[in-house]
Amino acid sequence: MDQLAPTVKYSPYRFFSAERWAGFRADTPLTLSEDEVQRLSSLYDPIDLDEVRRIYLSMSRLLSAHVEASQLLYRQRKAFFGDEATKTPYIIGMAGSVAVGKSTTARILKELLARWPSTPKVDLVTTDGFLLPNEVLRRENLMERKGFPDSYDVGALLRFLSAIKSGERDVRAPLYSHLTYDVMPGEYITIDRPDILIFEGLNVLQPRDLPKDGKFVPFLSDFFDFSIYIDADEELIHAWYIKRFMRLRETAFRNPESFFHRYSQLSEEAARAIAEGLWSNINLKNLRENILPTRPRADLILRKGPDHRVVEVALRKL
Ligand SMILES: Nc1ncnc2c1ncn2[C@@H]1O[C@H](COP(=O)(O)OP(=O)(O)O)[C@@H](O)[C@H]1O
Ligand SMILES: CC(C)(COP(=O)(O)O)[C@@H](O)C(=O)NCCC(=O)O
């Protein structure tokens with residue numbers, strides 16, 4: 001199994017087994033109930049409270065220290081610059097493959113952070129709303145590249161993050177529907193100066209080609225204060241993807257409005273073949289070519305094992 005801890009002597013990371021990591025939660029209280037965790041988990045594979053205790057409480061404690069430090073820095077800058085200083089949201093980027101568990105992790109983290117004693121306002125935005133509409137993807141022959149860097153409206157992503165980081169109010173992010181498999185025209189979520197924004201998506205740690213004309217074009221990650229990569233062996237993610245697809249076939253795909261409705265009519269074997277095709281032709285390719293290479297850019301890497309339990313954590317040294 002490809003492990004995170006390298007065999008070479010030097011690494012920018014410190015590596016922890018899940019057990020050691022769990023010890024760092026100290027006396028951080030568990031603020032989520034079993035019911036709340038169940039409500040949050042995606043589909044029918046609930047993350048259990050034990051995992052929240054083992055992994056997420058230490059993560060919440062660490063992030064709390066980081067956010068507090070950035071607020072202290074803000075207060076010191078304000079004393080320095082007077083009224084000129086603007087407090088802007090603390091942005092946490094979260095990356096990883098399709099089906100690795102980003103949405104589940106992001107939703108749980110959001111709830112835990114919002115329950116800190118300072119009751120920060122925490123918002124969550126996913127990058128799928130910034131995908132190009134199917135009509136454009138079809139025209140540009142990109143339907144088989146949905147989720148690849150070139151399938152997003154990168155300008156809109158950068159404008160969004162730039163507005164958030166400038167402290168603007170009521171910034172709109174477009175929405176995506178997994179039902180219609182397309183962006184939802186005219187539908188937005190409005191983000192109004194949260195204390196913390198979790199920004200989750202496949203490609204959020206993606207670098208870009210440097211422009212030849214010398215103009216400055218930022219990476220999305222230039223706007224992040226902290227970044228997390230959710231990691232697991234390819235074969236595990238593959239199994240989670242197929243499992244989720246087959247379950248959706250029994251549930252959401254039954255809805256006649258679902259883009260995948262036709263797959264709910266197919267035999268199990270035929271539907272599985274479709275899922276395998278989507279995995280190997282699109283998602284696995286994207287993982288290998290574009291997503292996994294961004295892993296070393298994250299501040300924190302959570303490596304999951306079977307059953308979605310985190311087995312190893314890597315934290316960038318300061
Ligand atoms: N911690 C977890 N425990 C159990 N199942 C999980 C966990 N995290 C994710 N899953 C399951 O794995 C699949 C992918 O998770 P999801 O959060 O939808 O991934 P992503 O947002 O990365 O595509 C879903 O079926 C979800 O229910
Ligand atoms: C919508 C997604 C690209 C994920 O987007 P993200 O929120 O990470 O930007 C992905 O879930 C997806 O639909 N991929 C296309 C191949 C497939 O149907 O699995």
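Predicted model: local features only at pLDDT ≥ 70, side-chain atom pairs only at ≥ 80, totals over all residues.
Which hand does the crossing of α7 and α9 have, left or right?

Residues are numbered from 1 along each chain as its sequence is written, chains are lettered from A and ligands numbered from 1 in written order, and side-chain values use heavy atoms, with hydrogens and water left out.

Overall picture. The chain has nine helices and nine strands. These are DSSP runs, numbered from the N terminus: helices are H or I with at least four residues, strands are E with at least two. The C-alpha atoms fill a box of roughly 65 × 45 × 45 Å along the principal axes. The radius of gyration is 20 Å, which agrees with the value near 20 Å for a compact globule of 318 residues. That radius is taken over C-alpha atoms, and the globule rule is 2.2 Å times the number of residues to the power 0.38.

Now the sheet. Seven strands make an open, mixed sheet, ordered β1-β9-β8-β7-β2-β6-β3. At the edges sit β1 (13-17) and β3 (122-126), each pairing on one side only. Two strands pair if DSSP finds at least two bridges between them. From one strand to the next, the twist averages 20°. Inside the sheet, β2 (residues 90-96) runs parallel to β7 (residues 226-232), with five bridges. I92 has F226 in β7 as its bridge partner.

Next, the hairpin. β4 (residues 171-177) and β5 (residues 182-191) are antiparallel, joined by six bridges. A173 is bridged to I189 in β5. S177 stands opposite D182 in β5. Four residues lie between the strands, and Y181 takes a positive phi near 60°.

Back to the helices. α7 (residues 234-250) and α9 (residues 268-291) have axes that come within 10 Å and cross at roughly 140°. So α7 is oblique to α9. Axes are lines fitted to C-alpha atoms, for helices over the stretch in contact, and angles run from 0 to 180 degrees between N-to-C directions. Under 35 degrees counts as roughly parallel, over 145 as roughly antiparallel, 65 to 115 as roughly perpendicular, and the rest as oblique.

And the opening question: the crossing of α7 and α9 is right-handed. Right-handed means the near helix is turned clockwise from the far one by less than a right angle; anticlockwise is left-handed. Residues of α7 in the contact (heavy atoms within 4.5 Å) include I237, Y241 and F245, and those of α9 include L278, W279 and L287. By class, this contact has twelve nonpolar, two polar and six charged residues. Nonpolar covers Ala, Val, Leu, Ile, Met, Phe, Trp, Tyr, Cys and Pro; charged covers Asp, Glu, Lys and Arg; the others, Gly among them, are polar.

α3 (residues 49-81) packs on α4 (residues 102-114) at about 60°, with axes 10 Å apart. That makes α3 oblique to α4. This crossing of α3 and α4 is right-handed.
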